[in-house]
Amino acid sequence: MSVASEILQEPKLSLGIEEEYLIVEEDTGKLIREVPPSMLQDAQEALGGQVSQEFFQSQIEVGTHVCANVQEAQEELIRLRRTVYDVVEPYGLAIIAASSHPNASYVTQRHTPRDRYEILAQNMQVIAQRMVICGMHIHAGIENDNLRIDMMNQTTYVLPHLLALSSSSPYWEGQDTGLMSYRIAVWNEIPRTGLPEHFESYAEFERHVDVLVHAGVIEDSTKIWWDIRPSHRFPTLEMRMTDICTRVEDAICIAALYQCWLHMLWRLRRENQRWRSYANMLLYENRWRAQRYGIDGALIDFGRGLTIPYAELLEELLESVMPDAEILGCVEEIKHARTILKRGTSAHWQRKAYKEAKLEGATTEQAIKAVVDMLIRETMHGV
């Protein structure tokens with residue numbers, strides 16, 4: 001089979017979702033500093049390789065099995081969230097699916113005592129200390145290396161649209177940052193993050209990675225933390241742009257949109273078409289606008305050269321991928337984006353919870369606790 005014909009083979013677009021949770025004291029809402037060792041053992045006994053520690057002891061990560069469709073992924077996420085909650089609850093703890101804690105201080109956090117994290121802490125210094133943030137990573141199965149790179153090049157366009165739908169980090173150390181996703185601001189401080197370069201082939205991507213490996217800067221491509229990247233471990237294209245969604249149903253909506261977008265790109269390629277590529281200098285503008293304003297603002301339509309309200313762009317996106325959603329069986333899941341638009345993201349709910357508590361006479365500390373209580377409830381919504 002020629003390379004040209006091989007790259008036209010329809011990718012499986014199987015799904016795998018990784019979520020990172022923050023562990024809080026259920027009675028106070030405070031972020032923990034140290035995790036009980038027996039609790040981690042309990043989690044691993046319950047979930048095996050599907051659960052792991054993150055950089056900070058206050059974080060825990062789960063990952064689904066390979067899922068054929070978004071319905072399987074939803075069942076997996078529900079099972080994983082429920083199991084982790086059941087593990088931590090006897091310790092007086094709870095989990096929140098939010099990309100930042102409303103008022104935790106990063107200087108009091110303790111990182112996980114593991115060689116990988118010790119090296120990271122030593123290399124990054126205060127930048128690593130600030131990484132009290134959580135994300136959601138979505139893997140889509142694309143077996144062909146070159147097709148994976150080609151789709152990465154074309155998918156950068158839609159990443160800000162997905163980020164806006166996911167926003168869950170408006171607060172940092174007790175301050176309303178004015179951003180919908182402050183997580184991105186923290187993440188930007190890390191090297192080898194942001195939008196990926198444009199590559200003509202997988203071989204070109206590997207050559208650039210090899211420069212850093214041979215220079216001793218990184219061990220392998222797992223240390224390249226772009227918003228979207230070819231996974232080092234799996235034949236997948238890993239989308240890393242989004243905040244973690246507080247509700248499972250919102251996470252599944254974004255996974256479905258991502259899967260449908262990739263299927264659309266393959267459909268266009270089969271018809272000898274492709275999505276237009278844009279320079280990173282333009283894409284970064286939309287990335288910033290999504291980080292700052294989320295679904296409340298407007299993104300740039302590069303073809304028209306105008307900023308267009310997010311709601312209008314979302315309808316255009318849904319129209320573009322609707323044929324693919326019908327093929328993949330996830331029409332209702334992508335339509336849920338309209339629900340998110342109507343009732344807001346987690347960032348909206350957090351600000352609402354804080355404001356309502358303050359109007360009822362709560363102190364700042366009590367209002368922050370109200371935000372955490374809401375996040376605990378909504379993390380387990382539908383679970």
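Reader: What makes Arg-240 and Glu-238 a salt bridge?

Author: The side chains of Arg-240 and Glu-238 come to 3.0 Å, N to O. A salt bridge needs a side-chain nitrogen of Lys or Arg within 4 Å of a carboxyl oxygen of Asp or Glu, so the label applies. By this rule the structure has 25 salt bridges.

This is a predicted model: local features need pLDDT of at least 70, side-chain atom pairs count only at pLDDT 80 or more, and totals for chains, interfaces and linings use all residues. Residues are numbered from 1 along each chain as its sequence is written, and side-chain values use heavy atoms, with hydrogens and water left out.

Reader: How do you know that Arg-274 is linked to Asp-150?

Author: Their closest N and O atoms are 2.9 Å apart, and they form a salt bridge. Arg-274 lies in the loop between helix 10 and helix 11, Asp-150 in helix 6. They are 124 residues apart. Helices here are DSSP runs (H or I, at least four residues), as are strands (E, at least two), numbered from the N terminus.

Reader: Why is Asp-150 called buried, and Arg-274 partly exposed?

Author: Buried means under 20% relative accessible area, exposed over 50%, partly exposed in between (1.4 Å probe, protein chains only). Asp-150 has 14%, so it counts as buried. Arg-274 has 43%, so it counts as partly exposed.

Reader: What ties Arg-247 to Glu-378?

Author: A salt bridge does, at 2.6 Å, N to O. Arg-247 lies in the loop between strand 11 and helix 10, and Glu-378 in helix 15 (residues 364-379), so the pair ties together parts 131 residues apart in sequence. Both Arg-247 and Glu-378 are buried. Shared partners join Arg-247, Glu-249, Asp-250, Arg-343 and Glu-378 into one network of salt bridges.

Reader: Why is the pair of Phe-55 and Tyr-117 called edge-to-face?

Author: Rings of Phe, Tyr and Trp (its six-membered ring) pair if their centres lie within 6.5 Å; planes under 30 degrees apart count as stacked, over 60 as edge-to-face and the rest as tilted. The centres of Phe-55 and Tyr-117 are 5.6 Å apart and their planes stand at 90°, so the pair is edge-to-face. Phe-55 is buried at 4%, and Tyr-117 is buried at 6%.

Reader: What makes the pair of Tyr-157 and Tyr-278 tilted?

Author: Their planes are 35° apart, with 5.7 Å centre to centre.
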